[in-house]
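Dear colleague,

Please find below the structure that I am handing over to you. My notes on it come after the coordinates and are intended to be read alongside them.

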Amino acid sequence: AGGDSGQVQDWRLEMRTGQRRLRHAVRGLAPGDLVVEPFDSFPWQSVAVLEAAKVQRVPPLLALLLPPSALLGACGQTGLTAWCGLETVGGGRPNGSDVVAVSGAAGAVGSLVGQLCKRRGAAVVGVCGSEAKVDFLQELGFDRALNRHSADLRADLRAALLSVPQADRALGTSRSPQPADITLYWDSVGGAVSDLVIQCMAPRSELLLCGQISTYDAEGDYPPPLPAESAAVVERRRIRRERYTVVKYKHRFAPALAELCALVAAEELRAEETVYDGLDAAPAAFIDMMGGGNTGKAVVRCSELPPPVARAAALRAWLPPALRGRLA
């Protein structure tokens, strides 16, 4: 759930010193500007006073081409997490020879990871938490989508890996095709799902540890140690299991946002949202998100769009997506 974009209402500061009133405007900002703060320092309030140095002004053209909520999701920290993880920690993967598995695949980050991998030619298998989310992932273009509550997830995963194009190039000594090996695993869940995926990973493959939501309520170290069987597979196959935090990659944010904004503006990257109305819905939104109740990004809408932003939304609807992508 996010709330880190807002509109400048009045950035003129007033100070009273005896009988004198001193005023100065914040340089670079004006009432009506749309501002963002990429690392969650905005308080959960409908009106707040913030340090000008901590916010970034959204260029007017970009504010026209993108819905404001996209700046919290696919064109904000969520999208940066997906893009930087694939481009930096993932060693520039994936490409057409890769088979990617994504857990938490219908969530804010996972759904973007899968789409970005498909754009780069990889086969993508997503694991999610309901049949409705399976349908959603198929709409996004995932090669296969699996419900983690299946009666036999192990068999489902094997069938999925047999069905991807890369399986045709992975024939064993028998006459029947062998399932493709997973070369990149984006792990947001941990637990039993990840133990199954690890068993299907290729030698010298990559495991990006983005989250472990299945274990957040457990006591102990983070990330939690792998069970002995999974740890043995990781060691024997020399799988690189790396904890990933996007804030370490600020030097990559500019090219990431350039690509993400263009793709979202052109409607070539779907930024799904589950929207909760009203600030008082924030606790329920957070609980739903932690329990997997959201599809895509969980967003709390604290108020109606201010008139300038609403006018931009109306104009945006008239611009062809391809043009919006070129301008972004």
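This is a predicted model: local features need pLDDT of at least 70, side-chain atom pairs count only at pLDDT 80 or more; totals for chains, interfaces and linings use all residues.

Helix 2 with helix 3

Helix 2 covers residues 77-89 and helix 3 covers residues 108-119; their axes come within 9 Å and cross at roughly 45°. Because angles of 65 to 115 degrees are needed for roughly perpendicular and angles under 35 degrees for roughly parallel, this pair is classed as oblique. The crossing of helix 2 past helix 3 is right-handed. On the helix 2 side, the contact is formed by Thr78, Gly79, Thr81, Ala82, Trp83 and Leu86, which meet Ala108, Val109, Leu112, Val113, Leu116 and Cys117 of helix 3. Sorted by class, this contact comprises 9 nonpolar and 3 polar residues, with no charged ones.

Helix 2 with helix 8

Helix 2 also packs against helix 8, residues 253-265, at an angle of about 110° and with the axes 10 Å apart. These two helices are therefore roughly perpendicular to each other. Here too, helix 2 makes a right-handed crossing, in this case past helix 8.

Helix 5 with helix 6

A further pair is helix 5 (residues 153-163) and helix 6 (residues 191-199), whose axes come within 11 Å and cross at roughly 40°. The two are therefore oblique to each other, and their crossing is right-handed. Leu153, Arg154 and Leu157 of helix 5 make the contact with Val193, Leu196 and Val197 of helix 6. Of these residues, 5 are nonpolar, none is polar and 1 is charged.

The cavity

How many cavities of 30 Å³ or more does the structure hold? There is 1. The largest cavity has a volume of about 60 Å³. Its lining consists of Ser69, Gly73, Ala74, Thr78, Ala108, Ser111, Leu112, Arg270, Ala271, Glu272, Glu273 and Lys297. With 3 residues, helix 3 gives the most to this lining. By class, the lining of the largest cavity is made up of 4 nonpolar, 4 polar and 4 charged residues.

With kind regards

Conventions:
Residues are numbered from 1 along each chain as its sequence is written. Side-chain values use heavy atoms; hydrogens and water are left out. Axes are lines fitted to C-alpha atoms, for helices over the stretch in contact, and angles run from 0 to 180 degrees between N-to-C directions. Helices (H or I, at least four residues) and strands (E, at least two) are DSSP runs, numbered from the N terminus. Angles under 35 degrees count as roughly parallel, over 145 as roughly antiparallel, 65 to 115 as roughly perpendicular and the rest as oblique. A crossing is left-handed if the near helix is turned anticlockwise from the far one by less than a right angle, and right-handed if clockwise. Contact means heavy atoms within 4.5 Å. Ala, Val, Leu, Ile, Met, Phe, Trp, Tyr, Cys and Pro count as nonpolar, Asp, Glu, Lys and Arg as charged, and the others, Gly among them, as polar. On a 1 Å grid over the protein atoms alone, a cavity is a set of points where a 1.4 Å probe fits but cannot get out, and a pocket is an open set with protein on both sides within 12 Å along at least five of seven lines; lining residues have an atom within 4 Å of a point. Grid points are joined across faces, edges and corners, and a volume is the space filled by probe spheres set on the points.
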